[in-house]
Amino acid sequence: MTFINPSDDDLQALAEIQTATSRIRGELSKVVVGQDQVVEQLLIAIYSQGHCLLEGVPGLAKTLMVSTLARSLQLKFSRIQFTPDLMPADITGTEVLQEDKTTGSREFRFLRGPVFANIVLADEINRTPPKTQAALLEAMQERQVTIGGKRHVLPAPFFVLATQNPIEQEGTYTLPEAQQDRFMFKVFVKYPNYDEEYRIAESTTSQHVAEVAEVLSDEDLLRVQQLVRRVPAAPHVIHFALRLVRATRVAQDGVPDFVRECVSWGAGPRGVQYLLLAGKARAVMQGRFFVSTDDIQAVAHPVLRHRVITNFSAESAGITSDKVIDQLLEQISSRHPGDEVPPELARAFA
């Protein structure tokens, strides 16, 4: 692989992105207490043009976090509350017959649904039937919807964030594995610690209302996404991502024994793609123009946890996909012989 030496413009852009990312975190901290890891993973996903699936109990500020992020990025935000009676047209939009009162002529006019936004929050996506869940598939993958044989392009940037409640399963529809694979990350939103919960109780029961400043525009964000794609990945980094993903596939040769015992289905090619893209976005956020194996390891859990499906024996023993990923990261070497980052490139960003 030929390494790309960053230009002066790229170096300036990296510095600006680093500053902007720090400011976005600061703006979010005015409203959302804690959840630093969740915020970082959300930013990595949106810088990578990916989508997120958030799982957490009610009351952990998932909706507030996303709406505040949209405000700090100057993006149009739309929230869809998924319910059992929600229809696909309620998400994508529909054609209606409209009459021109001056001429008396009638024509079909497309009324856009709430999916036509930059950041779409699909709240409690597991509360709606599969046909409505599937209405998001084309939007997420193709950045468009097709109604009446006509393509309607969604605004750019476009980012879907779906939430699901892990503790209440009555009247819910499990999101199929094939649709989960469309999400770049599956992020666990956990309870705050004692100090964070004290600050939440103090700030949310007072009259104080935080003002969130706008940090990046939609055009700025599109430039960030383009820069992420230009970040080079060394061969040993790509090999590491490949070995990690291929080690989750039970039918492959050389798969560790514990994977054969615990896993029923492994990650597909999207796993490798998203590992590399997320690693590049993390590098850009830290002001680097190259991705390392440390970046891949840092994003391995949110990328792979919904792509590694454990079997009944593992579930009965309390072995989760996260534990399988932990073992794989311990066993798989992060280096590949002969593939090293050039010293001059590493020194430039040390």
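In the predicted model, the axes of helix α9 (residues 218–230) and helix α12 (residues 269–285) come within 9 Å and cross at roughly 115 degrees, where axes are lines fitted to C-alpha atoms, for helices over the stretch in contact, and angles run from 0 to 180 degrees between N-to-C directions. That makes α9 roughly perpendicular to α12; angles of 65 to 115 degrees count as roughly perpendicular, under 35 as roughly parallel, over 145 as roughly antiparallel and the rest as oblique. Leu227, Val228 and Arg229 of α9 meet Leu277, Lys280, Ala281 and Val284 of α12, contact meaning heavy atoms within 4.5 Å. By class, the contact of α9 with α12 has five nonpolar, no polar and two charged residues; Ala, Val, Leu, Ile, Met, Phe, Trp, Tyr, Cys and Pro count as nonpolar, Asp, Glu, Lys and Arg as charged, and the others, Gly among them, as polar.

Because this is a predicted model, local features need pLDDT of at least 70 and side-chain atom pairs count only at pLDDT 80 or more, while totals for chains, interfaces and linings use all residues. Residues are numbered from 1 along each chain as its sequence is written, and side-chain values use heavy atoms, with hydrogens and water left out.

On the α13 side, Gln297, Ala300, His301 and Leu304 meet Asp322, Ile325, Asp326 and Leu329 of α15. The residues of this contact divide into four nonpolar, two polar and two charged.

Helix α3 (residues 62–72) is largely enclosed by the rest of the structure, since eight of its 11 residues are buried; buried means under 20% relative accessible area, exposed over 50% and partly exposed in between, with a 1.4 Å probe and protein chains only. The buried residues of α3 are Lys62, Met65, Val66, Ser67, Thr68, Leu69, Ala70 and Ser72, and they pack against α1 (8–31), α2 (36–47), β1 (52–55), β2 (77–81), β5 (119–123) and β8 (159–164). Helices (H or I, at least four residues) and strands (E, at least two) are DSSP runs, numbered from the N terminus.

Several features of the backbone occur in loops. Glutamine 49, in the loop between α2 and β1, has a positive phi near 65 degrees and is partly exposed, with a relative accessible area of 31%. Arginine 143, in the loop between α6 (135–142) and β6, has a positive phi near 55 degrees and is partly exposed at 23%. A cis peptide bond, with omega about -5 degrees, joins alanine 156 and proline 157, and proline 157 is found in the loop between β7 (150–153) and β8.

Glutamine 144 lies in strand β6 (residues 144–147) and is buried, with a relative accessible area of 11%. Not counting residues up to four places away in sequence, glutamine 144 touches Glu138, Ala139, Arg151, His152, Val153 and Leu154.
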